[in-house]
Amino acid sequence: MSRAPEFVPLSDEAVRAVAGANSRHAALIEDAFGVLLETPGGGVSLSGDAKARGAAKKAVQAIAARADQGLEIGEADVRVAIGQARSGAAPGTGGGAGTPLPIGRRGQVAPKTPTQAKYLDALNRCDLVFGLGPAGTGKTFLAVAHGAGMLLRGAVDRLIVSRPAVEAGERLGFLPGDMNEKVDPYMAPVWEALTDILGAEQLRRRREKGEIEVAPIAFLRGRTLSHAFVIVDEAQNASRAQMKMVLTRLGEGARMAVTGDPTQIDLPNPGDSGLAHAVGLLEGVEGIGITRFGSEDVVRHPLVERIVRAYDADAAKRGRTV
């Protein structure tokens, strides 16, 4: 097979994204596919056998497409593009119909993997969406971004975030402070996402106005949540009774995203988890979407994906299904 270099024309912005700071991204692509990647100007040059060049070209074009949309490209994006090029999966897209995602501090929020794109499509189409999968797959961040987009557009009046706090029994009384001070430490990932999307000042103002609310699951009992986007995070630690209660809080004009990892149940009896039970009951019901993320969707440190795969392999050997 020919090993002659192949030139891939790209915009200047795309070339910078493919190369990365100190050519870090280029090195990742070279190591992944066994090619030589050079940037002679106006694009990139790929040297290697035809099969390796073809796979590397797919990764380069996926990175370039995101860069040309104005999206920030980090190592996680490069690793995702490499993984998709290896598997032959279609790259995630930054567009799509439905609620526009907001522009965060690091640029336009957009899906990085095909599963993330399917998840956002489900959030646009369905009133209730379950996002299931391991840490680092973006299921909570994208739900927060979607809800923030709806709030900014006026499609909902409130963004409500809830989760089982501390323990399934939610024994918060011994903690000092008011409700927000008791719960905030356990909502750190959500607040980080909202700060990234809205900025600290806008987040503060909207919380003070009651447009953004945080509450443990137990405190939603007896309420009807109307014209709100509701996120139930870490739902694997909600009991069956809690899950039924929170799912039936939906009122007029409300939408809900329920996120969790069925393999990370902290309840004394994992069989009490309401997440897997609810998914089993509701899969296929009209208006409900279910998206399952896998280790290939992890967009954190590359070690996270390998850790998830190791635990998945161990679960398979033990005959467990998750």
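Helix H8 (residues 188–198) lies across strands S7 (158–163) and S8, running at about 175° to S8. Helices (H or I, at least four residues) and strands (E, at least two) are DSSP runs, numbered from the N terminus. Axes here are lines fitted to C-alpha atoms, for helices over the stretch in contact, and angles run from 0 to 180 degrees between N-to-C directions. The model is predicted, so local features need pLDDT of at least 70 and side-chain atom pairs count only at pLDDT 80 or more, whereas totals for chains, interfaces and linings use all residues. Residues are numbered from 1 along each chain as its sequence is written, and side-chain values use heavy atoms, with hydrogens and water left out.

The secondary structure of the chain comes to twelve helices and eleven strands. Of its 322 residues, 48% count as buried, a term that means under 20% relative accessible area, with exposed meaning over 50% and partly exposed in between (1.4 Å probe, protein chains only). Where contacts join residues at least 6 apart in sequence, 73% of them link residues at least 24 apart; contact means heavy atoms within 4.5 Å.

The strands S7 and S8 belong to an open sheet of six strands, with the order S8-S7-S9-S10-S6-S11 and parallel pairing. Strands S8 (212–216) and S11 (288–292) stand at the edges with a single partner strand each, so one side of each has no neighbour in the sheet. From one strand to the next, the twist averages 15°. Two strands are taken to pair if DSSP finds at least two bridges between them.

Strand S9 can be followed through its partners and its side chains. S7 and S9 pair in the parallel sense over five bridges, with Val 230 in S9 as the bridge partner of Ile 160. S9 and S10 pair in the parallel sense over four bridges, and here the bridge partner of Val 230 is Met 256 in S10. In a regular strand the side chains alternate between the two faces of the sheet. In S9, Ala 228, Val 230 and Val 232 point one way, Phe 229 and Ile 231 point the other way, and all are buried. Because five of the five residues of S9 are buried, this strand is largely enclosed by the rest of the structure.

With a relative accessible area of 1%, Val 161 is buried. Leaving aside neighbours within four places in sequence, Val 161 is in contact with Met 187, Val 190, Glu 213, Val 214, Ala 215 and Ile 231. Val 161 and Ala 257 are 96 residues apart in sequence, and their C-alpha atoms are 9.6 Å apart in space.

Helix H10 (residues 240–247) also contributes buried residues, namely Gln 242, Met 243, Met 245, Val 246 and Leu 247. What covers them includes S6, S9 (228–232), S10 (255–260) and helix H11 (274–282).

A second open sheet has three strands in the order S1-S3-S2, and its pairing is antiparallel. Its edges are S1 (6–9) and S2 (36–38), each with a single partner strand, so one side of each is left without a neighbour in the sheet. Neighbouring strands of this sheet are turned by 20° against each other on average, direction ignored. S1 and S3 (residues 43–47) pair in the antiparallel sense over four bridges, with Val 8 opposite Val 44 in S3. Helix H3 (residues 50–68) packs on this sheet and touches S1, S2 and S3, its direction making about 160° with that of S3.

Helices H5 (residues 114–125) and H6 (residues 139–153) pack at an angle of about 40°, with their axes 11 Å apart. H5 and H6 are therefore oblique to each other, since angles under 35 degrees count as roughly parallel, over 145 as roughly antiparallel, 65 to 115 as roughly perpendicular and the rest as oblique. The contact is made by Gln 116, Tyr 119, Leu 120, Leu 123 and Asn 124 of H5 and by Lys 139, Leu 142, Ala 143 and His 146 of H6.
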